[in-house]
Amino acid sequence: MVEEAAASEFEVKIQMRPGDVEHSWASSPVPPPQLSDHRRSLPADSLPFRRWTPWLVPTIVLANIVVFGVIMYVNDCPENTPGFCVGLFLGRFAFQSLKENPLLGPSSFTLKKMGALDVQKVVQEHQGWRLLVCIWLHAGLVHVLANMLSLVLIGIRLEQEFGFAKIGVLYIVSGFGGSLLSALFLKATVSVGASGALFGLLGAMLSELLTNWTIYTNKLTALLTLVVIIVLNLAVGILPHVDNFAHIGGFISGFFLGFVLLIRPQYGWVNKKKIPHGYIATQVKPKYTAYQYALWIFATMFLIVGFTLGLVMLLRGVDANEYCSWCHYIHCMPTRISSCTESTISCLSSQDGITLNLKCGGSQRTQSYILPNATELRIDELCLELCS
């Protein structure tokens, strides 16, 4: 009886923060109880969530780096564009000129060849696979390193808390959602990168905090911090040459998918299958709250309708800008440096033996290249570099 009375006075305090669960025993008037043959009462809210060993996120990081290496191998700047390469000591892994690609990477021709998001090819040539493949490609060394660093900082923590399966689904679906929204608004540009998937993870962090609101302490501080980080990252997307529609599409996809995949049991619920032998726990609360169920249902319906509608619009060749006259400001805000206008670029070309001569139609700039039997795609690529 004395032992049971002591156990009933035992107090467990849980200090929880976004993505973490910590147990503090310091405030207990007695040492933590040891299992014995006596039956004791187990606080239902004292069971920690499972901690996973992250392996998927490091694998994704490695895969992106390997794919970038393959892209540079295929690009082979010294062979395809002799005299216009950076880092010739790298051999066929040398970068295109900084004027053509300031991110230290391949040519746009190579990116298209490897699966970059090109709306014309998706719609007219039925290459829908580009919506997924493009999230594994990067425009340059700077691009891939920045994205992979962000993925490590965000993804490792999430995978530890929720496991590889949920985070894997979040990453892929968010990346697809970013590609889909980008394809609906940006018809004349080529897009690559994992930014949409990364913003999806940020969106999932926000929805996870909201749907599991009751189990966290310092919730307002965590919410404000997360919102500031998201707003600052989205603000960067209005700069020229940044695909902010992919960011927003990935964020929206991840935000609603978080309500579906990252839901936690509410404070005070216990899974009876995990009660240690010799303890008794009485379930006094349902596993999830009513608002968690409501958010789960609404998010599921939103995702189904949103993806279905987006795919139908894309395959029918609909330009979403016709239904939103101001949305182009989300992608690029005009400044004194950049007007955000897409001008038509054309060149006059002539082949003199092994020499290709190009003349820009706008600026009248000319350039000669040692390039026998140049293909039409390669000429278009050199024209874009010459006239930009």
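This report describes the helices, the aromatic pairs and a few individual residues of one predicted protein model.

Because the model is predicted, local features are reported at pLDDT of at least 70 and side-chain atom pairs at pLDDT 80 or more, while totals for chains, interfaces and linings use all residues. Residues are numbered from 1 along each chain as its sequence is written, and side-chain values use heavy atoms, with hydrogens and water left out.

## The chain as a whole

The protein chain holds 14 helices and 11 strands, where helices (H or I, at least four residues) and strands (E, at least two) are DSSP runs numbered from the N terminus. Of the 388 residues in the protein chain, 43% are buried; buried means under 20% relative accessible area, exposed means over 50%, and partly exposed lies in between, with a 1.4 Å probe and protein chains only. The protein chain exposes about 20900 Å², of which carbon and sulfur atoms supply 65%, the areas coming from the Shrake-Rupley method with a 1.4 Å probe. Among contacts (heavy atoms within 4.5 Å) in the protein chain with a separation of 6 or more, 68% are between residues 24 or more positions apart.

| Helix | Residues | Number of residues | Reach, first to last C-alpha | Expected span |
|---|---|---|---|---|
| Helix 2 | 56–75 | 20 residues | 28 Å | 28 Å |
| Helix 12 | 290–315 | 26 residues | 38 Å | 38 Å |

In helix 2, the buried residues are Leu56, Val57, Ile60, Val61, Asn64, Phe68, Ile71, Met72 and Asn75. They lie on the same side of helix 2 because they cover an arc of only 155° around the axis, the arc being that of the directions from the helix axis to the C-beta atoms. An α-helix has 3.6 residues a turn, so residues three or four places apart point the same way. The cover over the buried residues of helix 2 includes helix 3 (77–80), strand 5 (95–96), helix 4 (108–114), helix 7 (141–162) and helix 8 (164–185). Just after helix 2, Asp76 takes a positive phi of about 45°.

In helix 12, Gln292, Ala299, Leu303, Phe307, Gly310 and Leu314 are buried. The elements that the buried residues of helix 12 pack against are helix 5 (119–124), helix 6 (130–133), helix 8, helix 9 (195–211) and helix 11. Just after helix 12, Gly317 has a positive phi of about 75°.

## Aromatic rings

Rings of Phe, Tyr and Trp (its six-membered ring) pair if their centres lie within 6.5 Å, and planes under 30 degrees apart count as stacked, over 60 as edge-to-face and the rest as tilted. By this rule there are 13 aromatic pairs. One of them joins Trp55 and Phe164, whose ring centres are 5.1 Å apart and whose planes stand at 45°, so the pair is tilted. This pair links distant parts of the chain, since Trp55 is in the loop between strand 3 (40–41) and helix 2 while Phe164 is in helix 8, 109 residues apart. Trp55 is partly exposed at 43% relative accessibility, and Phe164 is partly exposed at 36%.

The rings of Phe176 and Phe307 form another tilted pair, with their centres 5.7 Å apart and their planes at 35°. Here Phe176 belongs to helix 8 and Phe307 to helix 12, 131 residues apart, and both Phe176 and Phe307 are buried.

One aromatic cluster is formed by Phe251, Phe255, Phe256, Phe259, Phe298 and Phe302. Elsewhere, the charged end of Arg92 sits over the ring of Tyr73, 3.7 Å from its centre; a charge counts as over a ring if NZ of Lys or CZ of Arg is within 6 Å of the ring centre and within 35 degrees of the ring normal.

## Individual residues around helix 8

Ser179 is in helix 8 and is buried at 4% relative accessibility. Leaving aside neighbours within four places in sequence, Ser179 is in contact with Leu117, Leu131, Cys134 and Ile135.

Ala197 is in helix 9 and is buried, with a relative accessible area of 1%. The C-alpha atoms of Ala197 and Gly175 are 4.0 Å apart, although the two residues are 22 residues apart in sequence. Leaving aside neighbours within four places in sequence, Ala197 is in contact with Tyr171, Ser174 and Gly175.

Ile252, in helix 11 (residues 244–261), is partly exposed at 33% relative accessibility.

Key: The expected span of a helix is 1.5 Å times one less than its number of residues.
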